[in-house]
Amino acid sequence: MRNSPRPPPSSEITAPELYARRREFIKAGALFVGTSAAFGTGLVTLSDWGGADPPSHPPPMPKTAPGAPKWEVTRRGRFGTSEPQSSYEDITTYNNYYELGLSKSAPAALGFRIKPRPWTVQIKGEVARERTLDIDTLIDWFGLEERVYRMRCVEAWSMVIPWLGFPLADLVKRLEPTSRARYLRFTTLFDPEQLPGQESRVLKWPYVEGLRIDEAMNPLSFLALGLYGAPLPGQNGAPLRLVVPWKYGFKGGKSLVEIRFQETEPETTWSHAAPSEYGFYANVNPEVDHPRWSQATERRIGDLSRRKTLPFNGYGEYVADLYRGMDLTRYF
Amino acid sequence: MAKARLNWLVPAVVTGALVPFASLAWRIQQHRLGANPVATALNQVGLLALIFLIASLSCTPLKIAFGWTWPLRVRRSLGLCAFFSALLHFFVYWGLDQNLAIRSVLKDIVKRPFIAVGFLALLLLMPLAVTSTKRAVARLGFARWQSLHRLAYLTGALGVLHFYLRVKADHTQPILYGLVLVLGFALRGLAKIKKTRDVRLRAESRAARASSA
């Protein structure tokens, strides 16, 4: 029988006691794989909850809607910083906009919900004439200026953002506030269709922010309609938002629908939610810590190491006078 | 059929526990952790530590509620996963978030209640991790070992508190983890009450039988 295969060497023969347990091995192997996969998936899901990955393709820069006025930058560079600007991707995918979700990445996914046109802003309270202004009227009146500002979040991170908009002071002057107008109160859109996060009650909606009128008249205070030369994406507060670069980012109310001039200090959303943690002024101040974390340093988005936080976010020469004589540890 | 042997269970749990870390490492390598990867990694590792801790503290309640014994076989592995995750969480905070600045970390621990609470939980996990071996149980004696390991209850509560204090506005998650923990404590309490009552009833019936005899 020359053609019969050679018998396998004895070392390759499965031992009978193992052969008898072959089903047990297969079963245990399957249980091992299934259990570890299920446990691992569960852990990934739980630890990702509320903080999912940012979209793998960041939103493209929006084009101006057809028929909308052209985005011509009329002025450039006032108060500008020469620091490297944060990337468009970082600015538009790392956002705090609780009305569009509580994680940093959720607003980028839901920003499209905001319909930026038609959009009007109601002007109310202590002004010569209460009125409703169309957002494109504002662009006609004031043109668009680019301002490259540092943005310091109360959570101790920061960015450098090239905004497009106009000085708030220009609008205030044009609206002729009365002598009783001492504060401005800014209100964000309330519409759970466009801002689905408003269905959860983590904060009192609509979001309200405020400025003293002399703060609003400061040339740094800015109403932004765009960034990087294009209209604001929803997650950044389309179509109109406040930018006050010497204050923590949460002062910059987004998607504004009302500006009210009033005699009394408005109650703002965060100071209502946690008065010991967030004050009305919220000036960037490395000396006054948040009760739960230090404000002495910050991480510039994109950097691995921290840098020192500057008083008034580095804008002290323009704004420190506003607070002369005030105890900034009390009025934080 | 013979009762299923569960020798695959502990390796499966440990392998599964490594999956989220592998996923995290992969996403760091792919730059998919967003604009602030340090903060994301710090939060995820910390949350994993809490999940492991709560899971290890849920083993006994599962046995009480359903009579299962398999959870007790994975309890030690889960506890060690919690310890190593908490340690990693601390090193991410110290090394990456604070750039190894010892003074600012010490200042944080002293000044910030939420950091103090988290740090205390990590410190308390250390003796538990060190005495997690069978030899340690033998050396300490079961009674002493057990009372030492009751510290795990405290670390669980501190872990939830650490998370609760850190959250800015939405407390849903820390509250849910806290509820799991509280449910576990309640089940333990009920089981203990039932046990004492059973012992007492048995003693009483024995006494009654003795007096009627």
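Biologist: What makes Tyr228(A) count as partly exposed?

Modeller: This is a predicted model, and the label comes from a neighbour count. A residue needs 20 or more C-beta neighbours within 10 Å to be buried, and 12 or fewer to be exposed. Tyr228(A) has 18 C-beta neighbours inside 10 Å, so it counts as partly exposed. You will find Tyr228(A) in the loop between strand E8 (222-227) and E9 of chain A.

Biologist: Which peptide bond is cis at Pro206(A), and how do you know?

Modeller: It is the bond that joins Trp205(A) and Pro206(A), where omega is about -5 degrees. Pro206(A) belongs to the loop between strand E6 (183-188) and strand E7 (208-212) of chain A. The bond from Ala238(A) to Pro239(A) is cis too, with omega near -5 degrees. Pro239(A) is in the loop between strand E9 (230-231) and strand E10 (241-243). For background, most peptide bonds are trans.

Biologist: Which residues touch the most other members of the largest nonpolar core?

Modeller: Trp163(A), Leu223(A) and Ala224(A) do, in a core of 66 residues. Strand E5 (residues 157-167) of chain A supplies the largest share of this core, six residues. Leaving out residues up to four places away in sequence, Leu223(A) touches Gly165(A), Phe166(A), Leu168(A), Leu171(A), Leu240(A) and Leu242(A). A second, separate core has 40 residues, among them Ile51(B), Leu57(B), Ala82(B) and Leu128(B).

Biologist: Let us turn to chain B. How many helices and strands does chain B have?

Modeller: Chain B has 10 helices and zero strands. Its C-alpha trace spans about 80 × 50 × 40 Å along the principal axes, and buried residues make up 31% of its 213 residues.

Biologist: Why is H2(B) described as largely enclosed by the rest of the structure?

Modeller: Of the 21 residues of H2(B), 18 are buried, so this helix is largely enclosed by the rest of the structure. From its first C-alpha to its last, H2(B) reaches 30 Å, close to the 30 Å expected at 1.5 Å a residue.

Biologist: Why does Val74(B) count as buried?

Modeller: With the cut-off at 20 or more neighbours, the count settles the matter: Val74(B) has 22 C-beta neighbours inside 10 Å, so it is buried. Val74(B) lies in helix H4 (residues 70-97) of chain B. Apart from residues up to four places away in sequence, Val74(B) touches Leu9(B), Val10(B), Val13(B) and Cys59(B).

Biologist: How many residues of chain B are in contact with chain A?

Modeller: There are 33 residues of chain B in contact with 35 residues of chain A. Helix H1 (9-29), helix H2 (37-57) and helix H9 (151-166) of chain B each supply at least two residues of the side that touches chain A. The largest share of that side, 11 residues, comes from H1(B). The residues of this side of chain B divide into 16 nonpolar, 11 polar and six charged.

Biologist: And what scores come with the model?

Modeller: The model scores ipTM 0.89 and pTM 0.84. For chain B the mean pLDDT is 92, and 98% of its residues reach 70 or more.

Notes
Residues are numbered from 1 along each chain as its sequence is written. Chains are lettered from A and ligands numbered from 1 in the order in which they are written. This is a predicted model: local features need pLDDT of at least 70, side-chain atom pairs count only at pLDDT 80 or more; totals for chains, interfaces and linings use all residues. Two residues are in contact if their C-beta atoms, placed from the backbone, lie within 7 Å. Helices (H or I, at least four residues) and strands (E, at least two) are DSSP runs, numbered from the N terminus. Ala, Val, Leu, Ile, Met, Phe, Trp, Tyr, Cys and Pro count as nonpolar, Asp, Glu, Lys and Arg as charged, and the others, Gly among them, as polar. The expected span of a helix is 1.5 Å times one less than its number of residues. A nonpolar core is a set of buried Ala, Val, Leu, Ile, Met, Phe, Trp, Tyr and Cys residues joined through C-beta atoms within 7 Å. pLDDT is the predictor's confidence in each residue, from 0 to 100.
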